[in-house]
Amino acid sequence: WMEEPTMKLHNYKFILAAALTILIIGGVVTLLVLMSPELLKIASGGLPAMNDGNRSWSLSLMGYFKGLCFWSIFIVLAVWLFNQIYYHL
């Protein structure tokens with residue numbers, strides 16, 4: 001039988017990397033929203049929770065795909081950042 005290689009995660013480093021990733025992403029998103037509130041409306045793509053009451057929100061198919069692309073890229077970058085932080089601890 002062949003022994004499968006295993007990767008051992010270090011709990012402390014994993015938790016610290018996750019916390020730092022969330023802190024960095026939260027700070028970047030906050031700065032972006034402060035600099036350009038319209039970006040929040042584009043990124044939220046008509047989520048009911050984001051309804052500010054001043055205008056009606058609707059979600060088109062194109063809006064859905066734009067949001068899907070935006071969040072997919074955002075998640076990939078977040079996972080990349082987490083990986084960089086984890087392996088540099």
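Contact here means heavy atoms within 4.5 Å. Helices (H or I, at least four residues) and strands (E, at least two) are DSSP runs, numbered from the N terminus. The structure is a predicted model, in which local features need pLDDT of at least 70 and side-chain atom pairs count only at pLDDT 80 or more, while totals for chains, interfaces and linings use all residues. Residues are numbered from 1 along each chain as its sequence is written, and side-chain values use heavy atoms, with hydrogens and water left out.

**View 1. The protein chain and its elements.** The secondary structure comprises three helices and zero strands, in the order α-α-α from the N terminus on. Of the 89 residues in the protein chain, 13% are buried; buried means under 20% relative accessible area, exposed over 50%, and partly exposed in between (1.4 Å probe, protein chains only).

**View 2. The crossing of helices α1 and α3.** The axes of α1 (residues 11-35) and α3 (residues 61-88) come within 9 Å and cross at roughly 135°. This angle makes α1 oblique to α3, because angles under 35 degrees count as roughly parallel, over 145 as roughly antiparallel, 65 to 115 as roughly perpendicular and the rest as oblique. Axes are lines fitted to C-alpha atoms, for helices over the stretch in contact, and angles run from 0 to 180 degrees between N-to-C directions.

**View 3. The buried residues of α1.** Ala17, Thr21 and Ile25 of α1 are buried, and the buried residues of this helix pack against α3. An α-helix has 3.6 residues a turn, so residues three or four places apart point the same way. The 25 residues of α1 should span 36 Å at 1.5 Å a residue, and the end C-alpha atoms are 36 Å apart, which agrees. The expected span of a helix is 1.5 Å times one less than its number of residues.

**View 4. The buried residues of α3.** Gly67, Ala78, Leu81, Phe82, Ile85 and Tyr86 are buried in α3, and α1 is included in what covers the buried residues of this helix. From first C-alpha to last, the 28 residues of α3 reach 41 Å, close to the 40 Å expected at 1.5 Å a residue.

**View 5. The surroundings of Tyr86.** Tyr86 lies in helix α3 and is buried, with a relative accessible area of 6%. Not counting residues up to four places away in sequence, Tyr86 touches Lys8, Leu9, His10, Lys13, Phe14 and Ala17. Tyr86 and Thr21 are 65 residues apart in sequence and 9.5 Å apart in space, C-alpha to C-alpha.
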